[in-house]
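Here are my notes on the model you sent over.

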Amino acid sequence: MLDAFRLDGRTALVTGASRGIGLGIAQSFAAAGAAVVLVARDRARLDEAASRIGSPRVWTLPCDLSRAEEVPQTFRRAAAAAGGIDILVNNAGAILRGPAQTIEAEGLHRLIDLHLTATYRLSCEFAQERIASGKPGAIVNISSILAEIARPGVAAYAMTKAGLRQLTRALAVEWAPHGIRVNAVAPGFTRTELTRSQWTDPTLEAAVKARTPLGRWAEPQDIAQAVLFLASPAAAFITGQTLIVDGGLTAAMGGIP
Ligand SMILES: NC(=O)c1ccc[n+]([C@@H]2O[C@H](COP(=O)([O-])OP(=O)(O)OC[C@H]3O[C@@H](n4cnc5c(N)ncnc54)[C@H](OP(=O)(O)O)[C@@H]3O)[C@@H](O)[C@H]2O)c1
């Protein structure tokens, strides 16, 4: 039965895999037997990530996914290098912080392009190839608890992550007849570069712990294990779902006793 959680013989493309949650996902996948293609912008950090994974079946592909025109070509290069992609993880992400009315149009469009347009286009490239070859596939999108609950100062980020949730459902329904499953994982506060300004602030760090029933921040591995499950044959009958991995934060009623 535990074999259903393994990914032997499969190849996964993980975006934003040079650090943080994406690197955790790539490491988990490699440990479960998969070959992995790592995509992010910084080549040096991609190479460093590949050497940390330490498997002979790792490829790196630099790409700025907020540049829509680069996205299809990146997928095709990855599929050609690795001999096909069975699993796609749309994880690359960034955040814009500040009052909603101060966010410039250019930054807003870049965020939409990175979180939504790149996910949409990569997923379509993936599905097209799977459908043409008659092979099944799995997509896991990385959303956020900010698609479920709100806090001030991150409206643009929350909007795009909520869009990912519905894109997950829509594509799941559309591609189920082709054996392509589409799910999402919504992480809570996770200790990475993205949240460095938060977990290095003692007040905020403690506030997150206090409001989280399981009493700590997530580590990238907490998120990666949920992604591994959804990508694996163990989740063969799960599609269109978002799995929230937040230590119970969204289940709890704030700090109200
Ligand atoms: N950390 C959290 O608390 C948390 C909570 C909920 C959801 N998430 C989501 O989890 C995902 C991973 O976040 P993280 O915390 O691991 O962040 P991170 O440590 O900042 O890593 C982000 C990754 O995305 C890549 N990336 C960023 N912009 C890119 C672009 N334009 N093109 C290609 N790659 C790009 C980065 O590499 P380069 O900079 O080299 O491109 C890096 O590999 C994101 O979607 C984030 O929204 C995180």
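Predicted model: local features only at pLDDT ≥ 70, side-chain atom pairs only at ≥ 80, totals over all residues.

1. By class, the shell divides into 12 nonpolar, 12 polar and 6 charged residues. Of its 30 residues, those that come nearest to the ligand are Gly16, Gly20, Arg41, Gly93 and Thr192. Helix α1 (residues 20-31) supplies the largest share of the shell, with 3 residues.

2. Next, the chain as a whole. Its secondary structure amounts to 8 helices and 7 strands. The radius of gyration is 18 Å, close to the 18 Å that the globule rule gives for 257 residues, so the chain is as compact as a globular protein of that length. Along the principal axes, the C-alpha atoms fill a box of roughly 55 × 45 × 40 Å.

3. If you count contacts with a separation of 6 or more, 70% of them join residues 24 or more positions apart.

4. The largest nonpolar core deserves a look. In soluble globular proteins, nonpolar side chains tend to be buried together. Here the core has 67 residues, and the members that touch the most others are Ala26, Val36, Leu38 and Val227. Take Val36: leaving aside neighbours within four places in sequence, Val36 is in contact with Ala12, Val14, Ala26, Phe29, Ala30, Ile53 and Val58.

5. Does the length of helix α5 agree or disagree with its residue count? Helix α5 covers residues 155-175, and at 1.5 Å a residue its 21 residues should span 30 Å; the end C-alpha atoms are 30 Å apart, so the two agree.

6. Staying with α5, its buried residues are Ala156, Tyr157, Ala158, Thr160, Lys161, Leu164, Leu167, Thr168, Leu171 and Trp175. An α-helix has 3.6 residues a turn, so residues three or four places apart point the same way.

7. Is Ile223 buried or exposed? This residue of helix α8 (residues 220-231) has 27 C-beta neighbours inside 10 Å; the cut-off for a buried residue is 20 or more, so Ile223 counts as buried. Not counting residues up to four places away in sequence, Ile223 touches Ile21, Gly24, Val185, Pro187, Thr190, Ala218 and Val245. Ile223 and Ile25 are 198 residues apart along the chain, yet their C-alpha atoms are separated by 7.7 Å.

8. Arg57 sits in the loop between α2 (43-53) and β3 (58-62), and its 13 C-beta neighbours inside 10 Å make Arg57 partly exposed.

9. Beyond its neighbours within four places in sequence, Glu148 is in contact with Ala186, Ile244 and Thr250. Its C-alpha atom is separated by 35 Å from that of Asp47, which is 101 residues away along the chain.

Methods:
Residues numbered from 1 in each chain as written. Near = placed C-beta within 6 Å. Helix = DSSP H or I, 4+ residues; strand = E, 2+ residues; numbered from the N terminus. Nonpolar A, V, L, I, M, F, W, Y, C, P; charged D, E, K, R; others polar. Expected span 1.5 Å × (residues − 1). Buried ≥ 20, exposed ≤ 12 C-beta atoms within 10 Å, placed from the backbone. Rg over C-alpha atoms; globule rule 2.2 N^0.38 Å. Contact = placed C-beta atoms within 7 Å. Core = buried A, V, L, I, M, F, W, Y, C linked by C-beta atoms within 7 Å.
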